[in-house]
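Me: I'd like to get to know this protein through a few questions and answers. Please show me the sequence and structure.

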Amino acid sequence: MEEILAGAPVADAVVAGVTLVEDDPTDHSVGLGGLPNENGVVELDASVMDGATGLAGAVAALRGIKNPSHVALKVMRYTDHALLVGEGALRFARAHGFREQDLLTDDARKIWLHWKATLSDTDDWFPTPPKDVPPGAREMFGITGTINCDAIDTAGNLAGVTTTSGLAFKIPGRVGDSPLIGAGLFVDNAVGAAGSTGRGEANIVTVGSATVVEGLRYGKHPKDACLMACQRIVDATRVKRLQRADGKPDFNVKFYTVDKQGRYGGAAIWSGGEFAVCDAKGPRLEPLASLFTA
């Protein structure tokens, strides 16, 4: 918000917002300190979309660069492409002066080692003593760590960014919804901006963020547009391994959106979440609406 009020382009402002967490080594959801793939390598994804120009940029499976959102912004502004992946994304980042570094922090490494050593009791890996394992390590097994930030500026222009370290201990090369325009992020300057967190695979097959924006286009309140996208995922989840005993999804997906009028909303499949809002009333957390009570 400070960046927007100072006159920065709204796409730059949202990237500045998520940078605070990409740079934080104690946060295991994105950037430096993000949890690695199954081989212990941190791979990052991000996308940026600018409503005023209608352009987007994204990177996926990017290694060694702590701010994938910044690289995605460069892809949007300095290439004729929308998505760069893997080695190509890294070469592009190097060309623009991004510094490579080891993104696996000591705590993230310990969490990964604990996961690896407790996968099976028939291999030769032994777990480290409990005192050497970071608190809450087991609760991080299989988590998805993502940030979406959407905003509207004083001229009515919209933008959004989604950044992630992806599913913890994923198969190397796995790409979730975060860098995919229409899935993890979508912006239409005439309508609104939306993004998501949670199970990326479910969001990819339902193009969730585009669904939210279409809900706005047809007059839904932002909260109700997010609930509509959640319901579409529920309806599309028909495989038993992804369902609870009652047939409801055994995972969560959350959506966040702001429309052209500056109205905002957020919703999840399962209750209990919050999302951050900042407007003339200041920064605060508000509860997400939900389809089901956890």
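Me: Which residues does T164 touch, not counting residues up to four places away in sequence?

Reply: This is a predicted model, in which local features need pLDDT of at least 70 and side-chain atom pairs count only at pLDDT 80 or more, while totals for chains, interfaces and linings use all residues. Residues are numbered from 1 along each chain as its sequence is written, and side-chain values use heavy atoms, with hydrogens and water left out. T164 belongs to strand 5, residues 158-167 (helices, H or I of at least four residues, and strands, E of at least two, are DSSP runs numbered from the N terminus). With contact meaning heavy atoms within 4.5 Å, T164 touches S29, V30, E43, L44, D45, G145, T146 and S178.

Me: Is T164 buried or exposed?

Reply: Buried means under 20% relative accessible area, exposed over 50%, and partly exposed in between, using a 1.4 Å probe and protein chains only. The relative accessible area of T164 is 3%, so T164 is buried.

Me: Which side chain makes a polar contact with the side chain of T164?

Reply: A polar contact is a pair of N or O atoms within 3.5 Å; within protein, one must be able to donate a hydrogen and the other to accept it, and residues adjacent in sequence count only if both atoms are side-chain atoms. At 3.0 Å, the partner of the T164 side chain is the side chain of T146.

Me: Over to N148: with which side chain does the N148 side chain make a polar contact of 3.1 Å?

Reply: N148 sits in strand 4, residues 144-152, and is buried, at 13% relative accessible area. The polar contact of 3.1 Å is with the side chain of T162.

Me: How are helix 2 and helix 3 oriented to each other?

Reply: Their axes are 9 Å apart and the angle is about 155 degrees; axes are lines fitted to C-alpha atoms, for helices over the stretch in contact, and angles run from 0 to 180 degrees between N-to-C directions. Angles under 35 degrees count as roughly parallel, over 145 as roughly antiparallel, 65 to 115 as roughly perpendicular and the rest as oblique. Helix 2 and helix 3 are therefore roughly antiparallel.

Me: Which residues of helix 3 meet helix 2?

Reply: Helix 2 contributes A11, D12, V15, V18, T19 and E22 to this contact. On the side of helix 3, the residues are P68, S69, H70, L73 and R77.

Me: And how is helix 3 oriented to helix 4?

Reply: Helix 3 and helix 4 have axes 10 Å apart and an angle of about 85 degrees. That makes the two roughly perpendicular.

Me: Which residues of helix 4 meet helix 3?

Reply: The helix 3 side of this contact consists of V71, K74 and V75. Their partners in helix 4 are A89, F92 and A93.

Me: Finally, the cysteines: how many disulfides does the structure hold?

Reply: A disulfide is a pair of cysteine sulfur atoms within 2.5 Å. The sulfur of C230, a buried residue at 0% relative accessibility, has its closest cysteine sulfur in C226, 7.0 Å away and too far for a bond. For C278, which is partly exposed at 37%, the closest cysteine sulfur is in C149, at 9.6 Å and also too far for a bond. The number of disulfides is 0.
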